[in-house]
Amino acid sequence: MSAIQTTVVLGMTADGKISAVDPHAPRDFDAVDLAHLESQVSLADLILVGAGTIRTEGVSFKISNPELLAAREVRNQSPQPITCVVSGSLDLSLDLPFWSQDIKRWIFTTRTGLERNSDATTLQKLAELIDLGDTDLDWDRAYSLIAERGIHKVVVLGGGSLTAALVKAGKIDDWWLTIWPVIFGGKDAPSPVEGEGFVPKVAPHLQLVETRQVGSELFLHYRTLK
């Protein structure tokens with residue numbers, strides 16, 4: 001386990017979908033699951049979130065629970081963790097409400113994204129743009145920078161492409177998966193880990209370290225075996 005603790009926090013349906021085929025379709029959010037998410041995010045120095053998730057949600061997740069905010073102050077953490085959006089192409093609309101949130105923003109991107117995006121100059125005024133490679137993001141380089149900035153706890157909030165990249169790079173230490181008691185179905189509905197996939201012999205294996213049940217929801221805590 002590295003000095004930087006990286007935890008994936010995701011909710012998924014009983015059939016393994018993190019959203020419906022139409023990610024913008026309205027759905028009800030469970031209060032217990034939201035409280036669990038807020039508790040996990042409150043431990044973070046940095047949130048990693050994929051560009052697709054930001055485009056869908058429009059905003060970053062923020063902590064509002066006074067007790068969790070007070071605990072961050074005691075730990076000498078900022079009121080909100082840094083939100084780092086991962087976007088190799090830098091394809092992010094300037095109309096997103098995310099840009100007006102009272103949080104510190106980073107964007108992990110590529111040199112190609114910086115050179116080809118006409119909004120790069122404007123985005124530099126809204127977030128710290130961090131070049132992590134010519135066309136692909138170098139996650140070893142990213143984690144060296146994270147360590148240099150004094151960050152110890154990273155929480156990953158998806159989506160599936162970002163999580164797959166971090167799994168492939170060997171950066172994920174543990175997982176908190178909420179199992180929602182519902183079936184979304186759909187061969188094109190996103191799952192927690194996308195990308196090219198892994199063959200069974202080299203697939204990452206997990207150890208179950210904690211389970212909780214609240215009503216019909218399950219909260220599963222896994223450790224990545226390394």
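Let's begin with a term: a residue is buried when its relative accessible area is under 20%, exposed when over 50%, and partly exposed in between (1.4 Å probe, protein chains only). The model here is predicted; local features need pLDDT of at least 70, side-chain atom pairs count only at pLDDT 80 or more, and totals for chains, interfaces and linings use all residues. Residues are numbered from 1 along each chain as its sequence is written, and side-chain values use heavy atoms, leaving out hydrogens and water.

**Exercise 1.** Describe the salt bridge between K226 and D173.

Solution. Start with the rule: a salt bridge is a side-chain nitrogen of Lys or Arg within 4 Å of a carboxyl oxygen of Asp or Glu. For K226 and D173 the N to O distance is 3.1 Å. Finally, check exposure: K226 is exposed at 64% relative accessible area, whereas D173 is buried at 1%.

**Exercise 2.** Do likewise for K171 and D140.

Solution. The closest N and O atoms are 2.8 Å apart. K171 belongs to the loop between α7 (160-168) and β7 (174-180) and D140 to helix α6, 31 residues apart. K171 is buried, at 16%, and D140 is partly exposed, at 49%.

**Exercise 3.** How many salt bridges does the rule give, and which residues form a network?

Solution. The count comes to seven salt bridges. R111, D131 and D134 are linked in a network of them.

Technical notes
Helix = DSSP H or I, 4+ residues; strand = E, 2+ residues; numbered from the N terminus.
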